[in-house]
Structure formats: structure tokens, C-alpha cells
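Please read the numbered points with the model open alongside.

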Amino acid sequence: MSEHTGAYDNTDATTTSASTDASLESRAKTPQRGPKRWLWVIIAAIVVIGIVIALAITGRKGSDTNTASTNNADSTVTIGLKLAPTNLDIRNTAGSAIDQILIGNVYEGLVARDENNQVVPAIAKSWEHSADGLTYTFHLNENMTFSNGDKLTAEDVAWSINQLIKNQYHDADSLNMVKSVAADDDANTVTITLNTANSNLLWTLTGRPGLVFDKDAKYDAKTEAIGSGPYTVAKFVANDSITLKANANYWGSHKAKTATIIVRYLADDNAAVNALKSGDVQVLAPITENLAEPFTADSAHYTVKAGDDTDKYVLAFNNAGEKTSDKRVRQAIRYAINHKELIASRGGSDKALGGPIPSLDPGYEDLTNLYPYDLDKAKALMAQAGYSEDKPLQLSLTYANIYGTELGDQLRSQLQKIGIDLKVNVVEFSTWLQDVYTNKDYDLSLVDHNESHDFYQWADPTYYYGYDNKDVQDLYAKAIAATSDEERDQLLAQAAKVVSEDAPADWLFNYRVTTAWVKGVNGFPVNLNQTLLPLYNVTYTKQ
Amino acid sequence: MRFVIRRLALFAVALFGISLVVFVALRILPGDVASIMAGLNSPPERVAALREQLGLNRSLPAQYADWVSALCHGDFGTSVLTGRSVGAQVGARAQVTFPLITLGLLIAMALGIPLGCAAALARKPAVRAAFHVVAIIGGSVPALWGGLLMILLFSRGSGLIAVFPSQGFPQAGWSDPGAAMMSLILPACTVGIIVGAGLMRYTRAALAQTAQSDAVAMAMACGMTRTQAILRVGLRLATAQLVSVIGLTFAEMITGVMVIENLFALPGIGAGLITDVGNRDLIAVQSELFMLAAFFLAIGLIVDLLHRVLDPRLQSAGDNAEVNA
């Protein structure tokens with residue numbers, strides 16, 4: 001093509017130079033360069049872009065060495081998590097992302113939980129309760145301080161819990177049985193008196209209700225946090241990242257081993273995996289199991305581990321619903337679900353779960369044999385209820401889009417075999433909250449109930465399950481009133497079995513979180529790390 | 001001048017209409033921020049108390065009036081969830097999105113316009129077809145797939161030529177310009193290639209059209225080659241059209257790059273908007289949508305004004321009508 005234009009140019013030049021008109025001639029000369037000019041523009045553009053890239057690369061290298069040198073001076077670990085908190089207001093805003101990052105790191109509770117979900121000392125070093133289970137006395141540690149330097153006293157503890165009850169902050173209803181909370185500064189104790197015995201009290205205090213705040217501090221709780229934990233919040237960007245710095249005023253034994261911890265929230269699973277691969281984060285929790293394969297294979301550089309958790313993927317049946325109030329239909333669905341297949345397709349780490357209580361909670365017992373995968377039984381039950389593959393039952397399944405579309409598709413194809421025509425509606429979480437949770441307008445719903453100790457859902461007929469069984473309610477009330485753990489566990493196990501037999505829901509699996517980290521990272525919690533992530537022990541030495 | 005005033009008046013009326021539409025449309029969505037804040041397992045009384053506290057149970061006209069009067073004072077409101085001013089939030093996110101789309105658009109122009117010219121100039125059917133295929137392939141690549149391809153080819157960690165970071169924006173933001181720039185290169189190239197293919201088709205079509213015009217024929221009669229005539233006369237005539245296309249593309253890209261922002265884990269405007277809608281943080285969403293709409297309109301206005309600068313005939317047709325007569 002260039003030859004072509006070249007030839008034309010020549011002829012142009014000869015013809016126009018013959019012209020006597022000066023203006024025409026001056027015009028004619030410039031076109032000679034015309035065709036080449038745009039070529040020059042392209043070349044210039046490429047060169048400019050090239051320079052920019054080159055500059056950026058060198059700039060990047062410069063900054064890399066910078067961070068490397070500061071790494072030696074004061075250590076940094078970058079962690080990739082998934083669900084981001086929208087603010088830090090732990091007293092008002094729901095969501096386990098806030099618990100995960102703040103409890104045990106920035107705020108501390110009267111008591112805490114260990115990685116096996118057992119209650120351990122925190123602000124209180126020991127405690128005892130009266131024989132009737134109505135009075136709990138907590139003996140506090142000495143010389144405790146908040147990150148702003150204020151003393152942490154029994155006053156602060158009592159004030160925090162009393163404020164929670166008075167202002168009905170998040171989770172306040174779990175302390176409904178509390179009569180009074182009193183501080184004795186001289187004895188350095190806090191006494192909690194109850195109206196009725198409650199075997200859940202200690203565990204409840206490991207969560208938000210037990211957190212201790214500085215009663216004299218004034219700060220914007222949505223964007224700042226002042227607590228007594230090993231870390232302070234240095235920078236918070238909503239939905240994006242949190243930077244934690246070691247608390248210079250920390251009083252206790254969980255002193256931060258790493259000076260700076262940067263937490264990045266990576267909503268996209270692929271981006272998260274890329275961040276780990278490129279070394280932008282050293283730990284990824286959770287990593288989608290199906291994407292973890294390259295890291296598992298490369299065990300020289302990465303460690304991949306699944307941890308126990310209390311996440312229950314609950315396929316709830318609307319027990320008050322028109323079609324699902326028929327127990328035979330609910331049982332048929334439970335028989336028809338191939339849990340092994342579901343778990344295998346997700347990577348295989350998740351654990352089968354046959355009832356409402358997961359292995360880390362009190363009262364757990366393996367109930368998976370109650371409803372084994374049995375298509376014949378399922379079909380027979382459906383036939384009794386008046387449905388078959390030729391005359392299918394129309395049901396809808398509503399769940400939030402955060403769980404992906406695969407589960408819905410799998411359930412639809414599994415239930416098709418027993419004559420259920422499942423319509424899957426994947427909606428936004430807020431729509432689910434409104435339609436299913438609040439208005440109870442649904443047939444089937446799927447949600448990850450990740451809370452621990454949440455059996456009360458099955459004893460509350462107004463909960464969105466609409467499950468109403470007097471025996472379960474009685475057993476649960478007794479379990480709560482129990483004054484010994486053994487008694488409580490036994491009653492809960494009994495109640496859980498009744499619930500599972502009634503088939504008010506199917507428990508698809510107990511989700512186990514897979515965590516991956518590069519070699520050199522130590523002390524990162526694996527169990528329960530989506531709700532409870534104490535970071536004081538985490539260290540990273542570049543390999 | 002009269003033209004500018006008329007356009008500004010239209011601009012104001014349109015903004016008012018938009019504010020109304022945005023406000024009403026968001027109120028139709030099911031769910032609210034109070035139930036998100038309260039979360040699962042909290043008693044209905046708590047949701048009701050939060051609703052009261054956040055002012056969600058006031059009458060809709062009152063809420064609208066408050067919002068609009070604040071807007072008139074340049075106050076975009078405070079997000080219920082994050083507790084920060086919506087203006088500042090959008091500002092922070094714009095620091096990612098605007099450089100990204102500007103860079104993307106520059107890449108698109110650097111690719112699309114020269115290729116479009118070349119396609120218009122090509123005479124051999126085989127060459128024209130080849131350009132056509134390039135444009136179609138480039139334009140039909142899904143953004144997600146294109147981005148993944150870029151990551152597989154060039155990203156640090158997993159790429160064949162491991163150079164660029166594949167996700168995230170540096171913590172330090174633009175105070176670390178090298179790192180910030182690096183983090184935008186792969187996403188900007190992805191956007192640039194896709195948008196560039198569209199621009200290439202527009203350029204080719206616009207040039208093909210002007211190539212038929214009398215002006216080009218005249219230029220050739222005066223002794224220019226076809227190539228010269230198209231590039232010097234035809235391209236000049238097509239500029240106005242291309243400016244419109246580029247202006248609108250730029251505005252569209254603000255939300256259009258959302259998929260890319262998600263894929264590369266960049267905290268941009270589009271990604272933020274989705275989060276806010278999901279959380280039903282309506283004050284934030286309505287102000288964000290309003291700002292976007294205002295920006296769209298402003299781009300339209302600028303494009304119109306540019307047209308008049310680029311094409312003197314429009315001016316003589318409008319303000320100086322009496323001179324012609």
C-alpha cells in the first residue's frame with residue numbers, strides 16, 4: 001500500500017509543481033507528508049506509552065525495594081479476606097466481617113473464645129458462678145489500659161454491658177436474662193446477676209455483648225476504634241482495606257508479633273488468587289477450594305489448610321408454607337439430596353451435616369444417617385403426597401447471590417428426579433432479607449448460617465423457618481437453664497435430633513474454610529477464621 | 001452566547017428531573033439499610049429502632065426535600081453505613097476510575113483512530129475484510145475474558161511475561177505514582193482494546209461517509225491523492241462526529257469499567273455503586289447516581305460546545321443567522 005501512495009505522491013508533485021498558482025503550490029507540498037504523518041502519530045503514541053510503562057516499571061521497582069527495607073525495620077504482613085465491613089461500628093452494625101477483624105485484635109471481651117470454640121480468659125482472668133447459676137463473678141486482670149492510654153477498670157466493663165442493654169445495641173437481646181451488672185473497683189471484680197440461669201452466658205460474652213469500651217473516649221465509631229487489644233486501626237477504607245498497627249499501650253500477654261498488618265478485602269475470587277500468586281498478599285482466607293489446586297500442588301512454596309467452622313448451609317423449607325408444610329415433601333427432599341456430590345463439586349473439604357448443630361458447638365452429634373441419600377424412598381414419599389415426575393410439584397428456591405448459582409442448579413437437577421420442578425431465584429441479599437427473612441414469603445431458601453450457638457432458631461416459631469415443635473422448645477429451654485455443661489450438651493443433642501427428624505430444613509454441609517499462605521507465614525488461625533481471627537501471633541519472614 | 005445559556009437552562013431542568021427519577025426508583029427497591037445494619041437474628045424492634053434513628057420512616061416528600069436542598073448547597077449527604085460524606089467517598093473512588101478510563105480512552109484512541117483510518121483507506125477487499133475482522137473480534141471480546149487473558153499473559157505471579165500487578169490499587173494511592181500507574185496498566189489495556197475496536201469502526205464508517213462527499217472529491221480535483229484527500233479533508237470533516245462518539249464513550253466508561261474494576265480488584269466508582277446498592281445505602285446511591293447523571297450531561301454539553309468550535313457552520317447557522325440573510 002505504501003508503494004501505491006508513493007507513486008501517487010510523485011505524480012501529484014510533478015503536476016502541482018507545474019502550476020503557476022502560488023497558493024495551490026503551497027497546498028500541494030504539505031500533502032506529501034500527509035500520509036506519513038499519521039504513521040508518526042502512531043509511532044509517537046507507542047513511544048509515549050512505552051516510556052510511561054518503562055517509567056512505571058522502574059518506579060515500581062524503586063518502591064519495591066523501599067517496602068522491602070521497611071519490612072526489615074518493622075515487619076508487615078498483608079492478608080487477603082473476602083467479606084468487607086462497611087464500617088467499624090461494632091455496637092450498631094451487623095455482619096461477621098466486623099467481629100472477624102476487631103474482636104481479639106482491637107476490642108477485647110470480658111472473656112474470649114479459642115480456636116475450638118471454648119471460652120478462655122481475656123479481660124477477666126477467672127470467674128465463678130453460684131450454684132443456682134444466677135450470679136457470675138469475674139475477677140479482672142490488673143493494670144489494663146486502652147490504646148489511648150486510659151486505664152481499663154471494672155467500671156468500664158460494667159458500663160459497656162449496661163450501655164449495650166440500655167441502648168439495645170446489636171445482639172443486646174442475647175442478654176435479656178441479665179438483671180444487673182455491677183463493678184467493684186476495689187476488689188477489681190464485675191458481678192453479673194441473672195433473672196434466670198443461662199448456660200449460654202459465658203459464650204455470649206465472648207462475642208459482641210462482652211466487649212469492653214472506654215467510657216471516657218470520644219471517637220467516631222464508624223471509622224475509628226479504641227479498644228484494649230494488641231492492635232489499633234491505623235487506616236480504614238470502607239469495603240477495601242484496613243491497616244492495623246501494634247498497640248504501643250497493650251497490657252496483656254497477646255502482644256503483637258508483627259508491627260503492621262494490612263488486611264485487603266478481595267471480593268472477586270480470581271483477583272484474590274492472583275493476589276496470593278503475585279505475592280501482594282501473604283495469606284488468603286478463604287480461598288475458593290476449586291481455585292486452590294495450584295497452591296496445594298506447590299507445597300514447597302504454599303500451605304493450604306481447611307479449618308473447622310460453624311457455617312451451616314441451611315436449605316430451609318417454609319414449614320408454614322402451603323406446599324412445604326407437608327412433612328412427606330420435606331422428607332422426600334432430604335432423601336433426594338446427594339450431599340456427597342454437592343461437597344465433592346465444591347472441592348471436598350466441607351463436612352456432611354445431618355442436623356442443626358455443627359461439630360464445634362455444644363450438643364453436636366453425627367446425624368447424617370437419619371436421611372441418607374435414597375431416591376426410592378424419596379419417590380415413594382412424593383407419590384404419597386400426590387406428586388410424580390409426570391405431575392411435578394412446583395417449588396421455588398430463593399437465595400442471595402453471594403452464594404453463586406451452582407448450588408441452585410445442582411439442587412434443581414437433583415430434585416427433578418423425584419418430581420420437583422424447582423424454580424431458582426438468585427437475588428440480592430437485601431431482597432432475600434425482605435422477602436424471605438422478614439416477610440416469610442418463600443418455599444425453599446438457602447443461607448449460610450455461620451453463627452455459633454444458634455440453636456434458638458429452631459425453638460422460635462416466629463423465625464423465618466416457621467418451625468413450631470413444643471418438644472424442641474421445652475428441651476431448648478431446659479438446656480439453657482441447665483447449670484452444668486454436660487447436662488446442657490445432652491439436652492441440646494436430644495433437641496437437635498428431634499429437629500432433624502422433623503425435616504424442617506436440610507443441612508447441605510458444614511462449610512470448612514480453606515486458608516492458603518506462602519511459606520514463611522506462621523501463627524495464622526485456621527479454625528473459625530471467618531468470625532474470629534486473632535492476629536497477634538502472625539509473623540512472616542520472607543523466604 | 002444565547003446558545004450556551006439555553007443549554008445551561010436545559011441542563012438544570014434535566015438535573016431536576018433526574019433527581020426525581022433516581023429518588024423514586026430507589027424507593028421501589030425491596031429491603032432497606034436498617035435491616036442490613038441489624039442483620040440476621042435481630043429482633044424486629046431493633047430494625048424499627050434503627051429505622052427511626054436513621055430517619056427512614058419519615059415521609060418520602062420530606063426525605064426528598066431534605067436531599068435536594070442539601071444538594072443545592074453542594075452537600076451530597078453522609079452515607080448511613082460508612083459514616084463518611086458521599087462526596088469524599090466518590091472522590092476517593094474517582095481517583096481510581098478517572099485515571100483508568102482516561103488511560104483506557106487514550107489507548108483506545110491510539111489504536112482505534114489510526115486503524116479506522118487505515119481501514120477506510122484500504123482498497124483491496126482482502127485488506128478491508130481483514131480490518132473488519134479485527135474490529136469485530138476486538139469489539140466482541142467480553143471484558144471479563146479480555147481481562148483474564150491480559151492477566152494470563154502479563155500479570156506478576158501467573159502471567160507468561162510477568163510484569164504488571166493483576167489486582168488492587170496501592171495503599172498509598174497516587175502518592176506512590178509508579179505503583180498506582182502500574183496497577184492501572186492491565187485494566188486500561190483491556191478497556192482500551194475493547195473500546196478501541198468500537199472507535200475503529202466509528203472512524204472507518206465516518207471516513208467512508210465523508211469520502212463520498214463533494215469536499216473530498218473537490219480536494220482530489222485540486223490534485224490531492226485519495227489518501228491525502230481522505231486524511232486531510234475527510235478526517236477533518238469527520239472530527240465532529242468522532243468527538244461526539246469519544247465524549248459519550250468516556251461518560252459510558254465510568255460505569256462500563258465496573259466489570260474490569262471487579263476483576264482487577266480496583267476500588268472504583270462502579271464497584272462502589274454496586275456495593276452501596278447491595279447494602280441499600282440509598283443516600284449514597286442516589287447522590288452517586290445523581291453525580292454520574294450530571295457528569296453525563298456535562299459531557300454532552302461540552303461535546304455540543306466543541307462541535308461549534310470544530311464546525312464553524314453550526315455557529316453561522318445559529319447565532320449569526322442574520323449575517324447569512
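The points below go from the two chains and their contact to selected local features.

1. Basis of the note. This is a predicted model, in which local features need pLDDT of at least 70 and side-chain atom pairs count only at pLDDT 80 or more, while totals for chains, interfaces and linings use all residues. Residues are numbered from 1 along each chain as its sequence is written, and chains are lettered from A and ligands numbered from 1 in the order in which they are written.

2. Chain A. Chain A contains 14 helices and 20 strands; here helices (H or I, at least four residues) and strands (E, at least two) are DSSP runs, numbered from the N terminus. Of its 543 residues, 46% are buried. A residue is called buried if 20 or more other C-beta atoms lie within 10 Å of its own, exposed if 12 or fewer, and partly exposed in between, with C-beta atoms placed from the backbone. Among the contacts in chain A with a separation of 6 or more, 71% link residues 24 or more positions apart; two residues are in contact if their C-beta atoms, placed from the backbone, lie within 7 Å.

3. Chain B. Chain B has 15 helices and zero strands. Its C-alpha atoms fill a box of roughly 85 × 65 × 35 Å along the principal axes. Buried residues account for 42% of its 325 residues. For contacts in chain B with a separation of 6 or more, the share from residues 24 or more positions apart is 68%.

4. In an unreviewed entry, UniProt places "domain: Solute-binding protein family" at residues 118-452 of chain A. That stretch is 24% helix and 27% strand, with its end C-alpha atoms 11 Å apart. For chain B, UniProt lists "domain: ABC transmembrane type-1" (unreviewed entry) at residues 94-307. Over residues 94-307 of chain B the chain is 80% helix and 0% strand, and the end C-alpha atoms are 27 Å apart. UniProt positions are in the numbering used here, feature names are shortened, and annotations may be inferred rather than shown by experiment.

5. The contact between the chains. In the model, 54 residues of chain B are in contact with 61 residues of chain A. The elements of chain B that each supply at least two residues of this side include helix 2 (33-38), helix 3 (44-54) and helix 10 (226-256). Helix 8 of chain B gives the largest share, six residues. The chain B side divides into 25 nonpolar, 23 polar and six charged residues. Nonpolar covers Ala, Val, Leu, Ile, Met, Phe, Trp, Tyr, Cys and Pro, charged covers Asp, Glu, Lys and Arg, and the others, Gly among them, count as polar.

6. A helix pair in chain B. At what angle do helix 5 and helix 12 of chain B pack? The angle between helix 5 (residues 86-121) and helix 12 (residues 269-278) is about 140°, and their axes are 8 Å apart. Axes are lines fitted to C-alpha atoms, for helices over the stretch in contact, and angles run from 0 to 180 degrees between N-to-C directions. Helix 5 and helix 12 of chain B are therefore oblique to each other: angles under 35 degrees count as roughly parallel, over 145 as roughly antiparallel, 65 to 115 as roughly perpendicular and the rest as oblique. Val90(B), Arg93(B), Ala94(B) and Thr97(B) of helix 5 meet Ile269(B), Gly270(B) and Gly272(B) of helix 12. These contact residues comprise three nonpolar, three polar and one charged.

7. Strand 12 of chain A. Strand 12 (residues 260-265) of chain A runs parallel to strand 1 (residues 76-81) of chain A, joined by six bridges; Val263(A) in strand 12 stands opposite Ile79(A). Strand 12 also pairs with strand 11 (residues 241-246) of chain A, in the antiparallel sense over five bridges, and there Thr260(A) is the bridge partner of Lys245(A). Two strands pair if DSSP finds at least two bridges between them.

8. Backbone details to check. Most residues other than glycine have a negative phi, and most peptide bonds are trans. The peptide bond from Ala285(A) to Pro286(A) is cis, with omega near 0°. His453(A) has a positive phi, near 50°, and counts as buried, with 20 C-beta neighbours inside 10 Å. Leu528(A) has a phi near 55° and is buried, with 23 such neighbours inside 10 Å.
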